[in-house]
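This report looks at how two protein chains meet. Please keep the sequence and the model in view while reading.

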Amino acid sequence: MAGRGKLIAVIGDEDTVTGFLLGGIGELNKNRHPNFLVVEKDTTINEIEDTFRSLGSIPGSVAEANPSQHDPPLWDEIDSWQFLNRDDIGIILINQYIAEMVRHALDAHQHSIPAVLEIPSKEHPYDAAKDSILRRARGMFTAEDLR
Amino acid sequence: MAALDLRAELDSLLLQLLGDLEELEGKRAVLNARVEEGWLSLAKARYAMGTKSVGPLQYASHMEPQVCLQASEAQEGLQKFKVVRSGVHAPEEVGPREAALRRRKAPTKTPEPQSSEAPRDPLNWFGILVPHSLRQAQASFRDGLQLAADIASLQNRIDWSRSQLRGLQEKLKQLEPGAA
């Protein structure tokens, strides 16, 4: 596993995650944690944020999480679903409308790895004005800098 | 003189940054198009196979990634990504390996061939004979993954250029406090 390279994680709606898993990025076995999260209507923002921050020890079935269906002790472990703290993830693909929900977490992420890539969803086309990377690049120059 | 060199370096870095931004925009448009094609193909596959036949219910309980990333550091702080695809899965051999007489009495069992180490194609989660639209969806998302790696490399380079530019602008301000 050490020589295999880094993984691509995905946080998105059902079609986005299914599509990229079809592409072959999925990892799930009894020892490792899933590198994907299907965001449903009832997925909470805390859950998305926790998944984004570092990845934990919940079995893959929790990928379609519905908080009300978990036992209270298990629910405590969901806090550790965080991609940023995994050192084996190179890129996180995230639908832009989901990225908007956790924009503060994305803006706080300044490291080059894992790289965060915002992608459109079926109902929400890509908006370059909302992309964290492009917003940072746009705010680079003042009129004085260019004189 | 030092200020002139700095300005030349700033200009060159700025031009590179603007070029990267343009390339990023182009690649992003292609990625978005590929992903949209993928969704359309998934919708067609769902129409052919049934609404609940293409979704998380079909995900395998055990997955091995077929696609990984190789991250390399070109310069200090500058990461570049490259998509690496694992080996092609050997077709499953069905039937006896050698032409041999079959014994009626219980033979000593020949050891089963080791299962291939190559990961299983995710298409198999959805059945043996899947519609062409599902294969097209897979192809679209695979193209999207390659583009995602290129875009991630470009984003890293843009961030790196930003920090280099800031550093150079600070140096320039120190050299030319009035003019900068």
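The side chains of A:Glu14 and B:Arg46 meet in a salt bridge, at 4.0 Å from N to O.

The model is predicted, so local features need pLDDT of at least 70 and side-chain atom pairs count only at pLDDT 80 or more, while totals for chains, interfaces and linings use all residues. Residues are numbered from 1 along each chain as its sequence is written, chains are lettered from A and ligands numbered from 1 in the order in which they are written, and side-chain values use heavy atoms, leaving out hydrogens and water.

## Extent of the interface

In this model, 52 residues of chain B are in contact with 47 residues of chain A, where contact means heavy atoms within 4.5 Å. The area buried between the two chains is about 4,300 Å², and carbon and sulfur atoms give 67% of it; buried area is the accessible area (1.4 Å probe) that two parts lose on being put together, summed over both. B:Trp39, B:Met63 and B:Leu69 supply 15% of the area that chain B buries against chain A, more than any other three residues.

## Surroundings of one leucine

Leaving aside its neighbours within four places in sequence, B:Leu134 is in contact with A:Leu22 of chain A, and also with B:Leu42, B:Ala45, B:Met49, B:Val54, B:Leu123 and B:Phe126.
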